[in-house]
Amino acid sequence: MNSFYEWLYENYAKPRLSGAQLSSTYHIQSHEWQAVAETLSRHDRLLSYDLMDTIKNDWGALVFACGIQTGLAFAEGVKE
């Protein structure tokens with residue numbers, strides 16, 4: 001089962017968490033938000049970045065956990 005976790009992380013979670021696999025729409029909206037954030041006070045700008053990172057990390061962790069659960073369900077009864 002350990003090889004499955006490694007595969008899942010390397011082929012699914014890692015690329016998505018790095019942002020490399022995200023759509024061009026995401027990158028465009030991210031740049032637009034960064035331009036807007038530059039107009040905010042330092043406190044508000046940092047708060048908005050913290051909130052965005054928290055949402056991204058929570059979403060990533062949830063998706064990874066769902067992937068693990070799905071993998072375990074598929075692997076049930078299969079021996080390595």
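**Confidence and overall layout**

Begin by colouring the protein by pLDDT, the predictor's confidence in each residue, from 0 to 100: the average is 79, and 85% of the residues score at least 70. This is a predicted model, in which local features need pLDDT of at least 70 and side-chain atom pairs count only at pLDDT 80 or more, while totals for chains, interfaces and linings use all residues. Residues are numbered from 1 along each chain as its sequence is written, and side-chain values use heavy atoms, with hydrogens and water left out.

Next, switch to a cartoon view. The protein contains 3 helices and 0 strands, in the pattern α-α-α along the sequence. Helices (H or I, at least four residues) and strands (E, at least two) are DSSP runs, numbered from the N terminus. Select helix H1 (residues 2-18), which has the lowest mean pLDDT among the elements, 74; then select helix H2 (residues 24-37), which has the highest, 86. Where pLDDT is low, the predicted coordinates should not be read in detail.

**Surface and contacts**

Display the accessible surface, computed by the Shrake-Rupley method with a 1.4 Å probe, for residues with only the protein chains shown counting as cover. Its area is about 6,400 Å², 60% of which belongs to carbon and sulfur atoms. Of the 80 residues, 18% are buried, that is, under 20% relative accessible area (1.4 Å probe, protein chains only). Contact means heavy atoms within 4.5 Å; of the contacts between residues at least 6 apart in sequence, 56% join residues at least 24 apart.

**Helix H3**

Select residues 42-75, which form helix H3. How far apart are the end C-alpha atoms of H3? They are 49 Å apart, which agrees with the 50 Å that 34 residues should span at 1.5 Å a residue, the expected span being 1.5 Å times one less than the number of residues. Now highlight the buried residues of H3: Arg45, Ser48, Gly60, Val63, Gly67, Ile68, Gly71 and Ala75.

Centre the view on Arg45 in helix H3. Neighbours within four places in sequence aside, Arg45 is in contact with Ala37, Glu38 and Leu40. Draw a distance from its C-alpha atom to that of Gln34, 11 residues away along the chain: the separation is 9.0 Å.

Move to Ser48, also placed in helix H3. Ser48 counts as buried because its relative accessible area is 11%. The side chain of Ser48 reaches the backbone oxygen of Arg45 at 2.7 Å. Finally, show Trp33, Ala37 and Leu40, which Ser48 touches when residues up to four places away in sequence are not counted.

Notes:
Buried means under 20% relative accessible area, exposed over 50%, partly exposed in between (1.4 Å probe, protein chains only). A polar contact is a pair of N or O atoms within 3.5 Å; within protein, one must be able to donate a hydrogen and the other to accept it, and residues adjacent in sequence count only if both atoms are side-chain atoms.
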